[in-house]
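Biologist: I would like to learn how to read the features of a structure, one at a time. Could you walk me through this one?

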Amino acid sequence: MPMCRIFAATFKKGKVSPILKIGLKRLEYGGYDSAGMATINNGHLEIKKGVGKIDEVDKQVNFESLEGRTGIAHNRWATHGYPSVTNAHPLTDCTGNIAVVHNGVIENFLELKADLIEKGHEFKSRTDTEVVAHLIEDEIKSGKDFVDACLKAVKKVEGSYALAIIYSKEPDKIVLVKKESPLYLGIGSDGNFASSDPVAFVDRTNLMIPLEDYELAVITPYDHKIYSLKTETEITRKPVQIDIKPQMIEKGGYPHFMLKEIFEQPTSLYYAINIQKPYLEAISELMNRSKVNFLVGAGTSYHSCLAGSYMYSKIAGLATIPVVASEFIQQYGNTLDPDTSLLLVSQSGETADVLKVASYARMKASTVMALTNVVSSTITRLSRLYLVQQAGPEIGVAATKTYTSQLLIHLLLALEIGKRREKISENEINEYYSKIRSIPKIAESVLKDTDQKIKEVAEMLKDSSHIFYLGRGINTATAFEGRLKMLEIAYIPSSAFSAGESKHGPIALIEKNTPVIFIAPNDSSRKVILGNIMEIKSRGGKIITLGNAEDKELKDVSDVYIGMPESEDIITPILYVLPLQLLAYYTAVLKGLDPDKPRNLAKSVTVE
Ligand code: M6R
């Protein structure tokens with residue numbers, strides 16, 4: 001079950017179900033079409049599960065009524081098997097003694113299932129995961145203990161998995177297994193934990209151990225052990241400190257995480273400016289030395305790569321190729337060699353398409369580097385060097401603060417490379433840095449000054465059947481990002497183009513009052529974009545412009561004008577995207593939608 005999230009805990013004393021429920025709520029961003037929990041009570045499995053978001057399921061089943069000190073829980077985002085109570089996790093074997101929760105995809109489940117059915121196993125769900133419970137059942141029947149049975153069973157499974165497994169006859173143990181899906185152990189004093197994301201247990205312990213691929217761990221309330229699936233020998237690994245504080249995952253007084261995260265940008269940008277300098281320098285050095293540089297990401301992270309390509313070109317005279325991760329191998333895989341570098345950008349560091357590019361590029365001996373927001377994510381383990389954007393946890397499914405941090409870090413890298421290539425003088429660098437240092441303050445005033453006006457624009461746009469976003473140069477990326485935000489959380493069909501492309505086709509769709517949002521800062525493309533505005537205006541389009549507050553000419557030709565502060569062209573994408581994030585947020589709220597959990601989406605897409 002990809003893009004789900006799992007959580008497991010075992011305590012020395014006390015009920016586990018309330019803690020599992022809190023953890024599930026925090027993990028809800030990862031999948032929310034069904035949820036479930038299993039505990040061991042007096043040597044028996046007790047299971048509650050249902051369809052819907054955690055609170056809805058909880059109302060139906062009352063998770064906290066589950067007794068027992070040991071349990072596992074799951075948020076599901078369906079692929080194999082529609083969302084239903086039977087397909088919700090935990091899934092069990094024929095005896096009802098083994099329960100499994102899973103994030104990943106079992107690729108050979110059809111073959112395994114056919115074999116198991118032949119042996120007499122009865123399947124209750126249509127999921128790929130259920131085979132794991134039956135495989136373990138078989139191994140236990142053949143005389144193995146629980147841990148050994150899990151080890152042998154998992155070896156038969158192909159695909160990706162983070163698994164948490166309990167067995168009612170060995171009630172203090174939880175077995176965890178990892179391949180390609182994230183899984184972390186939490187080491188506490190009252191008990192131990194495991195989860196797809198440490199946010200689930202961050203208030204119970206500040207120590208965690210990230211599991212590596214092909215590892216199996218066993219936690220009891222008193223200890224933990226890790227084994228290699230390949231060698232079947234024990235591994236020792238020291239816990240590391242968790243860098244997330246519990247208060248950081250609360251909404252901080254905002255109605256939604258997305259709004260909180262939008263307004264956190266002055267802080268997250270400040271942290272981005274103060275990113276680890278030695279890594280910035282080392283990555284710049286490798287990019288500068290490479291013959292070919294690719295910038296690879298998905299969704300919003302790809303948009304930061306697109307904007308970044310303009311920065312590297314303009315400031316450092318360095319050509320970089322921005323590529324959508326899911327297309328990379330087909331489009332450029334065959335060109336990779338040791339002289340090629342890839343900067344992989346991924347907020348979560350867990351996006352399957354990006355990880356696939358990382359593994360492929362490593363195989364071709366290219367240099368793999370990463371920019372991520374999650375310190376111990378998989379991408380950091382696949383990269384030769386990585387930068388952590390330090391934006392803090394982003395819980396809303398829509399990427400906001402992590403996008404502007406990514407942009408800022410591309411800018412810092414471009415300056416470092418420009419220095420190495422002698423494309424920019426020490427003086428110019430200092431000037432850039434003083435402008436960069438003012439970004440957090442300016443971002444704060446943009447958010448404050450545009451908030452009310454944007455609410456009015458949202459009211460105006462909320463019933464639109466289509467919205468266009470047009471920008472030029474580096475702000476083509478801003479148009480793309482503004483559109484993605486509107487699409488994913490307000491469900492309004494939207495298109496974005498480089499404004500120069502509008503008359504090569506898209507203009508055919510303009511009718512009276514079609515809303516068209518122009519991103520038109522006072523840069524070298526301002527004159528041409530004014531021409532594009534006139535073309536749309538003369539066909540009846542409703543012109544909503546984000547432009548320099550002092551630009552009277554632009555203001556006069558626009559139906560709605562959002563005045564922005566004067567800034568360096570290369571910095572404008574960081575500032576101009578802010579009102580567009582707010583616009584998507586307020587439009588979604590006005591439509592009665594939950595912007596933190598848009599339908600069909602998950603925070604990180606851990607399957608291809
Ligand atoms: O974690 P990543 O940056 O790799 O995620 C990439 C995309 O899935 C992500 O940006 C997605 O497009 C967001 N929902 C956009 O708001």
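Biologist: Let's begin with a pair of helices: how do the axes of helix H9 and helix H13 cross, and within what distance do they come?

Modeller: Keep in mind that this is a predicted model. For a helix pair, look at the axes, then at the residues that meet. The axes of H9 (residues 299–316) and H13 (residues 401–420) come within 9 Å and cross at roughly 25°. Angles under 35 degrees count as roughly parallel, so H9 is roughly parallel to H13. The crossing of H9 past H13 is right-handed.

Biologist: Which residues of H9 and H13 meet?

Modeller: On the H9 side they include Thr-300, His-303, Ala-307, Met-311 and Ile-315. On the H13 side, Tyr-403, Leu-407, His-410, Ala-414 and Ile-417 are among them. By class, this contact of H9 with H13 has 13 nonpolar, 8 polar and no charged residues.

Biologist: Now a second pair: at what angle do the axes of helix H3 and H4 cross?

Modeller: The axes of H3 (residues 109–118) and H4 cross at roughly 45° and come within 10 Å. That angle makes H3 oblique to H4, and their crossing is left-handed. H3 contributes Phe-109, Leu-112, Lys-113 and Leu-116 to the contact, while H4 contributes Val-131, His-134, Leu-135 and Asp-138. The contact of H3 with H4 divides into 5 nonpolar, 1 polar and 2 charged residues.

Biologist: How do I read one helix by itself? Which residues of helix H2 are buried?

Modeller: The general idea is that an α-helix has 3.6 residues a turn, so residues three or four places apart point the same way. In H2 (residues 54–61), the buried residues are Ile-54, Val-57, Asp-58 and Val-61. Viewed down the axis of H2, these fall within an arc of 105°, so they line one face of the helix. The face turned away from that buried side carries the exposed residues Lys-59 and Gln-60.

Biologist: What do the buried residues of H2 pack against?

Modeller: Their partners are helix H1 (17–26) and the strands S2 (34–41), S3 (44–51) and S4 (70–76).

Biologist: How many of the residues of helix H5 are buried?

Modeller: In H5 (residues 146–154), 7 of the 9 residues are buried, so this helix is largely enclosed by the rest of the structure. Those residues are Phe-146, Val-147, Ala-149, Cys-150, Leu-151, Ala-153 and Val-154. What covers them includes helix H4 (130–141) along with strands S7 (159–167), S8 (174–179) and S12 (215–219).

Biologist: Let's turn to the backbone. Which residues join through a cis peptide bond?

Modeller: Here is the background: most residues other than glycine have a negative phi, and most peptide bonds are trans. In this model, His-89 and Pro-90 are joined by a cis peptide bond, with omega about 0°. Pro-90 sits in the loop between S4 and strand S5 (91–92).

Biologist: And where is Glu-180 found?

Modeller: Glu-180 lies in the loop between S8 and strand S9 (184–187). Although not a glycine, Glu-180 has a positive phi of about 70°. Its relative accessibility is 42%, so Glu-180 counts as partly exposed.

Tyr-491 has a positive phi of about 55° and is not a glycine either. Look for Tyr-491 in the loop between helix H15 (476–490) and strand S22 (494–498). With a relative accessible area of 22%, Tyr-491 is partly exposed.

Methods: Residues are numbered from 1 along each chain as its sequence is written. This is a predicted model: local features need pLDDT of at least 70, side-chain atom pairs count only at pLDDT 80 or more; totals for chains, interfaces and linings use all residues. Side-chain values use heavy atoms; hydrogens and water are left out. Buried means under 20% relative accessible area, exposed over 50%, partly exposed in between (1.4 Å probe, protein chains only). Helices (H or I, at least four residues) and strands (E, at least two) are DSSP runs, numbered from the N terminus. The arc is that of the directions from the helix axis to the C-beta atoms. Contact means heavy atoms within 4.5 Å. Axes are lines fitted to C-alpha atoms, for helices over the stretch in contact, and angles run from 0 to 180 degrees between N-to-C directions. Angles under 35 degrees count as roughly parallel, over 145 as roughly antiparallel, 65 to 115 as roughly perpendicular and the rest as oblique. A crossing is left-handed if the near helix is turned anticlockwise from the far one by less than a right angle, and right-handed if clockwise. Ala, Val, Leu, Ile, Met, Phe, Trp, Tyr, Cys and Pro count as nonpolar, Asp, Glu, Lys and Arg as charged, and the others, Gly among them, as polar.
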